[in-house]
Amino acid sequence: MIRLPLTALLLASPLIWANPQPDQAAQITYETRTTTPDGIVKESRWQERWLRVGDTLWSERLIPLPLARAFHARHDRQRGHKHFTHQMAARWVEPDAQGKPYLRYADRWHKQVVEVPAAEYGMVGFQPDWAKLRQLFDPAHLARMQPLDTPAPEGARWYQEERDNERTRVLWSQARQLALVVESGSRDGWRHYRMTVTPKALPTALPWLSLDGFQELDIRDFFD
């Protein structure tokens, strides 16, 4: 497989979108809740910083520095082969020459950029769905959902869909071309998911432009 230098990839990245969405920066909060048959409630919550600039997407988990430092200290002291922990790195997605997702992770801690070929997407839980990646919800699905009169921010509207025991609600911003809230779960309450998008100001410096000197690797380089 031929790997292009980072500088060449940055210069050659094509703007392939017929109707490009406006550049956006956000902080995203994810929350899940499940209730087991014996009544145990399990909840998870995590956040990430998210960027959409032109045809480039960048997202990175917000991890307190002391926890990240402790994790890497333990991981890097391990003897033998060290696996790549993609959750601790920033996800960087651009279209390749054919317009398909080109996935890399930028690990600032170890100063590495790690390419993930399409055959390994399942390993990192990556779904190459451009609409969902760029807009956090496929707007084509809104056509089959019921618009609601629920109060919403200016330029946005709530939509809802119910099927069998499932309910989905979406707060869609037409101006931002972005889902601001996605809720889904069972109507009986045993499972619930919520994604909340808080818009932020665009950064003055784009993070993928500060990777000079990073080692270029393939995720398969970490396989045993």
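Is Q112 buried or exposed, and what is its relative accessibility? At 14% relative accessibility, Q112 counts as buried; here buried means under 20% relative accessible area, exposed over 50% and partly exposed in between, for a 1.4 Å probe and protein chains only.

## Basis of the model

This is a predicted model, in which local features need pLDDT of at least 70 and side-chain atom pairs count only at pLDDT 80 or more, while totals for chains, interfaces and linings use all residues. Residues are numbered from 1 along each chain as its sequence is written, and side-chain values use heavy atoms, with hydrogens and water left out.

The chain has a mean pLDDT of 87, and 83% of its residues reach 70 or more; pLDDT is the predictor's confidence in each residue, from 0 to 100. Over residues 1–18 the pLDDT is below 50, and this stretch has 34 contacts in the model beyond near neighbours in sequence. Contact means heavy atoms within 4.5 Å. Where pLDDT is low, the predicted coordinates should not be read in detail.

## Overall architecture

The secondary structure of the chain comprises three helices and 12 strands. Helices (H or I, at least four residues) and strands (E, at least two) are DSSP runs, numbered from the N terminus. Buried residues account for 41% of the 224 residues in the chain. Of the contacts between residues at least 6 apart in sequence, 53% join residues at least 24 apart.

Two strands are taken to pair if DSSP finds at least two bridges between them. Within this sheet, β9 (residues 166–173) and β10 (residues 178–186) pair in the antiparallel sense over eight bridges, and L171 has V181 in β10 as its bridge partner.

Strand β5 (residues 101–107) is mostly covered, with seven of its seven residues buried. P101, L103, Y105 and D107 point one way from β5, whereas Y102, R104 and A106 point the other way. In a regular strand the side chains alternate between the two faces of the sheet.

On one side, β4 and β5 run antiparallel and are joined by six bridges, with Y105 of β5 as the bridge partner of R91. These two strands form a hairpin with five residues between them, and G99 in the turn has a positive phi of about 85 degrees. Strand β5 is also joined by five bridges to β6 (residues 112–116), again in an antiparallel arrangement. Here Y105 stands opposite V114 in β6. The hairpin of β5 and β6 has four residues between the strands, and K111 takes a positive phi near 55 degrees.

Q112 is found in strand β6. Leaving aside neighbours within four places in sequence, Q112 is in contact with Y105, A106, D107, F214, Q215, L217 and F222.

## The largest pocket

The largest pocket has a volume of about 850 Å³. On a 1 Å grid over the protein atoms alone, a pocket is an open set of points with protein on both sides within 12 Å along at least five of seven lines, a cavity is a set of points where a 1.4 Å probe fits but cannot get out, and lining residues have an atom within 4 Å of a point. Grid points are joined across faces, edges and corners, and a volume is the space filled by probe spheres set on the points.

Of the 28 residues that line this pocket, the closest to its centre are Y30, E48, R91, G125 and K132. At least two lining residues come from each of β2 (41–53), β3 (56–61), α3 (130–135), β10 and β11 (191–200). By class, the lining has 13 nonpolar, eight polar and seven charged residues. Ala, Val, Leu, Ile, Met, Phe, Trp, Tyr, Cys and Pro count as nonpolar, Asp, Glu, Lys and Arg as charged, and the others, Gly among them, as polar.

## The second largest cavity and S59

The structure holds two cavities of 30 Å³ or more, and the second largest cavity contains about 30 Å³ of space. Its lining consists of W50, L57, W58, S59, R91, V93 and L133. Strand β3 gives the most to this lining, with three residues.

S59 is found in strand β3 and is buried, with a relative accessible area of 6%. Not counting residues up to four places away in sequence, S59 touches E48, R49, W50, A89, A90 and R91.
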